[in-house]
Every structure is written in C-alpha cells, then in structure tokens.
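Have a look at the picture first, then read on.

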Amino acid sequence: MSGQAFVDQLKKAFADGVVGANLEALDPWVEVTPEALIDVCRYLKNDAKLRFDMLNCITVVDYLETDPKKAAKAEFEPHLEVVYHLWSVPNKVSLVLKVKLPRWQNDEEGQLPELASVAGVWRTADWHEREVYDLSGVNFVGHPNLRRILCPEDWVGHPLRKDYEMPLEYHGIRGR
Amino acid sequence: MATQTGTAFADDPRIIEYDVRTDEMLINMGPQHPSTHGVLRLVLRTDGEIVSEAVPHIGYLHRCAEKIGENLAPRQFVPYTDRMDYLAGMNMNLGWALAVEKLMNLEIPEKAKHLRVIIAEMNRIASHLVGMGTYGLDLGSFSPFLYAFREREKILDLFEEACGARLTYSYLTVGGATHDLPATWLEKCEAFLDQLLPVITEYHTLLTTNAIFVRRAANIGVMSAATAIDFGCTGPVLRGSGVDQDLRRDGEQWYTEMYDGYAFEVIVEKDGHYPKDHEYPAIPKTAVLGDCWHRFYVRMLEVIQSIDLVRQAIDRYRTATGSHCVPVKLNQKLPKGEAYLETECPKGQMGFFIVSRGEAIPWRVRARSSCFSNLSVTHELCRGCLLADVPAIVGSLDIVMGEIDR
C-alpha cells in the first residue's frame, strides 16, 4: 500500500482524529489527536492488512527553548511530542505515530499532561510508558502500574524535560 | 485417608505436614546476585518452591545517557553508547553511527562497510560466548564459562590491536571507523576463526546436548510467538520463539545494505529444524519451541553464522575500494529532521532516535534498548515456575543491565 493511500484510509476511519502526516520525512509519520490515539492504535494493530503488532519505542521530545535569546526565534510553541515507533512483524514495515501534548495540563506548572495508555494494546507499552512518565513527565491514564522505573521512587522532577534542573542534593549525595 | 481440607490430627504421623504453614514469602534476588547478570533486583513472591510473581526492579545503572546526548555532538556521544551494552560495544557504536548517518544522509565507502561487518560480527561472537558461558554458570556448570572467556579473550586481543581498547571501543563512529585495520590483522582473524569452529562443537557436547543442561533448560520458560511480539522481544529471544525476523535481512536500507550480497540464513526453527542444524546436535525431544533451550541454541547457531559472515566480509574487504571512513567534523551541523534506526545487536534490536533542529548538537537522543523489552517479559515467564528455574529463565534472556538502565 502506498503511503498516501494509507493516510487516506486512516483519515476515512478517524476523520478528525488524524491531524497531519508527512510522507516525505526520513521516517514517514502520522499525527493524531490525543483523544483518537487509543482507537488509532487498536485499529493499526488489529487491521487484517496493516498488523502493526510490535511497538518498538515510545519517546517524548520536549520542545521548549530555554535560552531566552533563541526563544524569540524558535519556530514552535512550547509543547511535548510523544512519538510511537511501530513495526509490523508479518509485513516488515515501520510506522511513526505522533501526538502533541501541552507541556503542563491546563497550563498549570507541575500538572503532568494526560494521555491514554496503550499498555492494553501492546504490552511493551507497560514499561515504556513508565519510563516516559519517569523521565519526561507524561501521565498515562489507564496504565496498570504507573510508577517510576529508572529513577528512585522519591526522585523529584522529570530529567528529560528541557527546563529540568539537577537537584543540589539527594539523600546526602551532592548534586554538583 | 485424611483429605487435604480436613484438620490434621496430631496422632496421625502421616499428616503431620499439614500443620506446617507455608505462607507466601517475598524473596529479594539481587541486586548483587551472581545469576542476575549485573545489578538487577527481582522480588519474588513464592509459595514454597513455586513462584507466583517476579517483579524486576531496575535502574541501578541509570546514567540518563539520553540527556547526555542532548549536550554532545554525535561523535562525542559514541563512547556513551559503548557503555550501554558493554559486552557488544561495537554493535552499539554501529547502531548510533548508522542512525546519525541516516539523518545526515551520509554514504560511507565500500571498504568501511565491510570493515564494519567484520567488527560487528566478531563482537556478536564475543557477546554470544559470554551469553553461553554465563548461562552455563547460571545452571551450575562452571567450566564452559572459562572456555567461553578463553575464546572471547582472543577476540578482545584482536579488538585491542585494531583500536586500542578491550571493552569500550568507540571504534565504529559516524562516517566509518576511527582507524583502518592494522597490517596482518585479517590473517590473525582468519586463524582465530579456523580454531574457533571446532571449539564450538566441543561446547555443544559440554552444554547443548548435556543431559543435565537439557533437563534444566528444555520446556522451561516457554514463550509463545504472540507473547514475544506483544512484549516487544527481539533478537534471539524472538527467534527462539519461532518468529522469522532478523534486521540484517528485514531492516531498513541503511542497515541492510551493509549485508547486501552476503549469503546467510536467519536462524529460526522451521518444520522442526534450524538452518544447517543437521551438522549440529539435534533438538532434544523434551525441548519445546520458545523455551530456554531454544533461545540458547539460536545463540549458538548464530555464532557459526557470524563466523561465516566474517569470512565473507574479509574476502570483500580485501578487494574493496575506498577508505575506512569519510571525515565528519565535530561541529558539522546536522540537517533538520528526525531519524530512527534499529540494528540487529547480539541481544536484540537496538534502536537510536535522533531529533535535530539544524544545530551541531542534537535536540533529542533516544536509545531503545532491546534488553529492556526482553526483561519485561520476566514476570510472564516466571509465573508458576520453580524457584530454581528463575535463574534459568532470566539467564536465557541474556540481558545486560548497562543497556537496560542506560
């Protein structure tokens, strides 16, 4: 199936759920709304032809320019981008899904943005979402066990956020 | 006969056992335990000898390499990839270098490609040897471990001669490799391969067909293909469950072009046989597809496959044209865009994701660890198994904590 035909099929199935696509990129991607994410994922996995049965990776890219000089020229509004790399074992084809989220829920600093968990679709997502929550601060709603996984449970903050600051001290260990 | 549900009578000697309460017990395995392959902590919920829950706790080696990557040029990040899977540093270097080359649309010379195949496959052998040796150790057989390390040592010597390092190489880098192979290196490498092949047959007699080993590994920790895919398992763990996937054949053009024209078969069971397994021990009757034995056997056969690939690569390297690298400046600006590339590393599919906004330093770096996904299946495999089988199952996944924690 050609890329355009695939995007058309997806748009037909999810109308407003699919908000963008770039088929020219190195890894062609499709952007969906946070509300449509879980349904799109189920569709991609269960469709008899597409069969994206493996979730390779979940990444969050934090778009925030912390340098005030560069911030004026930045070509984006601050936001988070959740990137899902999918793979179809029978078809040997990959796909990139993107979801844009606000950096903080309701613009209240400290309130993690919410996104539906796909742990019920691919079980890989269980640990990957925990890692994303831990390091990038996204609250996956419906996740069976959303705890920190790499950092200690009492760690403060989410290190892969661009405005994260290293703690000066952690249990008597000097930070810098 | 007293029934199990009835109350025990103190005067009946046969049922005195019913008075012994067997409460559930939480057992901490690790983080310092020889059979957890690094600092992995497993919390086991056991009822007598039966494990009902196995929860891995990870993060003891976490260094947030991804954050470090956001502050360094791609070539400066290469040494950090060494420290992910430190048993296969070359393969990590290669994965990162290819992802960056994909982003930069950088074509590397013919000679560098074949050099990379030689080095990457040699490191695969080294990694599988450690996997094999330590697995024997997990199951209580000490000597294969020593033999495996003896052979691995020779590979490390070869690597030392090529790049000066024995563990953290940073040899394969963006644009090719840091140095060309030294004179007479190829001959030494060939001599090593010649003597390795018969040794592998000895290992088969030591472990693969060893009755005790088969009893400990066959039909233990059986994982169906569907479960393996669902949990994102890759590499020998996935192929051990009978899924025909190897990125050296199925991956992206950026990676597979290295192996263009090479003759090799994906090591996966088809109709009860592995490719070329008639030359090697038969599958024991007790083994079930997807069990620990099959995962182990896939690795053993991949060693043979890699020997074959290195030989082919040496032939091509000898006649290849071009240099071992194309120069890439440290402050060279990366094109705007994103690139994700997975490569077939010894332990599974390692992916690197790099996002650039047009500067010399990437905006975001992500390392997708194969062992991370492979380990997440532990609970599924260990549920209901015997306590003594936990090391057998975890060992068969062949994990390295440096890669899981990054």
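## A strand pair in chain A

Strands β3(A) and β4 (residues 79-88) of chain A pair in the antiparallel sense, with nine bridges between them. Helices (H or I, at least four residues) and strands (E, at least two) are DSSP runs, numbered from the N terminus, and two strands pair if DSSP finds at least two bridges between them. One bridge links C57(A) to its partner H85(A) in β4(A).

Is β3(A) mostly covered or uncovered? Strand β3 (residues 54-63) of chain A is mostly covered, with eight of its ten residues buried. A residue is buried if 20 or more other C-beta atoms lie within 10 Å of its own, exposed if 12 or fewer, and partly exposed in between, with C-beta atoms placed from the backbone.

## About the model

This is a predicted model, in which local features need pLDDT of at least 70 and side-chain atom pairs count only at pLDDT 80 or more, while totals for chains, interfaces and linings use all residues. Residues are numbered from 1 along each chain as its sequence is written, and chains are lettered from A and ligands numbered from 1 in the order in which they are written.

## Chain B as a whole

Chain B has 16 helices and eight strands. Its radius of gyration (taken over C-alpha atoms) is 23 Å, close to the 22 Å from the globule rule for 406 residues, so chain B is as compact as a globular protein of that length. That rule is 2.2 Å times the number of residues to the power 0.38. Of the 406 residues in chain B, 51% count as buried.

## Two sheets in chain B

An open sheet of three strands in chain B has the order β1-β2-β3, with antiparallel pairing. β1 (24-29) and β3 (50-57) of chain B are at the edges with a single partner strand each, so one side of each has no neighbour in the sheet. Strand β2 (residues 41-47) of chain B is joined to β3(B) by seven bridges, and L44(B) stands opposite A54(B) in β3(B). In the loop between β1 and β2 of chain B you will find G30(B), which counts as buried because it has 20 C-beta neighbours inside 10 Å.

β6(B) and β7(B) pair over nine bridges, and T343(B) stands opposite M350(B) in β7(B).

## Where the chains meet

How many residues of chain B are in contact with chain A? The count is 30 residues of chain B, in contact with 23 residues of chain A; a contact means that the C-beta atoms, placed from the backbone, lie within 7 Å. β6(B) gives the most to the side of chain B that touches chain A, with five residues.

## The nonpolar core

A nonpolar core is a set of buried Ala, Val, Leu, Ile, Met, Phe, Trp, Tyr and Cys residues joined through C-beta atoms within 7 Å. The largest one has 154 residues, of which V82(A), A99(B), I118(B) and I354(B) touch the most other members. Helix α12 (residues 292-319) of chain B provides the largest share of this core, 14 residues. Neighbours within four places in sequence aside, I118(B) is in contact with V310(B), A313(B), I314(B) and Y317(B).

Conventions
Contact = placed C-beta atoms within 7 Å.
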